[in-house]
Amino acid sequence: MSIQQSDVLYTAVATAENGRDGRVATSDGRLDVVVNPPKELGGNGAGTNPEQLFAAGYSACFQGALGVVARNENADVSGATVTAEVGIGKNDDGFGLIVKISAAIPNVDQAKAKELIEKAHQVCPYSKATAGNITVELAV
């Protein structure tokens, strides 16, 4: 379900210069990075790239969603980590993304960990934004 502008609690603003081979900075100056295509895509790989930035954001957001779900279920997710792997490749109309989200949750058994990440996937804003658009695989 979409939110309306009146529902917005925070807006991040970032500006890119020269696309995938330039610079990206946020309006508050907290993030200011050189972006370059990775060597696998013909670039020099000297800077970060949009896929790395997306993976960083998605993993952090997903971990936050995992914490919300765990609190609701009284599950201990202390020491948990979430890793997002974002792949880019050619598809029928240019390029597309594929994501694998892996969670290591040391204080719960495998079945509970799987249940928690599936529920986190339902509440994570990044997961909601990508639903039906890209393949997202979950793993524990």
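From the N terminus on, the elements of the protein chain follow the order β-β-β-α-β-β-α-α-β, in what is a predicted model. Three helices and six strands are present in the protein chain.

Strands S4, S5 and S6 form an open sheet in the order S4-S5-S6, and its pairing is mixed. Strand S4 (81–91) and strand S6 (135–139) stand at the edges with a single partner strand each, so one side of each is left without a neighbour in the sheet. On average, neighbouring strands of this sheet are turned by 15° against each other, direction ignored. S4 and strand S5 (residues 94–104) are paired in the antiparallel sense over eleven bridges. Thr83 stands opposite Ser102 in S5.

| Helix | Residues | Strands concerned | Angle |
|---|---|---|---|
| H1 | residues 50–73 | touches S4, S5 and S6 | about 140° with S4 |
| H2 | residues 110–123 | lies across S5 and S6 | about 150° to S6 |

Helix H1 packs on the sheet.

As to overall dimensions, the C-alpha atoms of the protein chain fill a box of roughly 45 × 35 × 30 Å along the principal axes. Of the 140 residues in the protein chain, 31% are buried. Among the contacts in the protein chain with a separation of 6 or more, 46% join residues 24 or more positions apart.

The protein chain exposes about 9000 Å², of which carbon and sulfur atoms supply 51%.

Key:
Residues numbered from 1 in each chain as written. Predicted model: local features only at pLDDT ≥ 70, side-chain atom pairs only at ≥ 80, totals over all residues. Heavy atoms only, no water. Pairing = 2+ DSSP bridges. Helix = DSSP H or I, 4+ residues; strand = E, 2+ residues; numbered from the N terminus. Axes fitted to C-alpha atoms, helices over the stretch in contact; angles between N-to-C directions. Contact = heavy atoms within 4.5 Å. Buried < 20%, exposed > 50% of the residue type's maximum accessible area, 1.4 Å probe, protein only. Areas by Shrake-Rupley, 256 points an atom, 1.4 Å probe, with all protein chains shown as cover.
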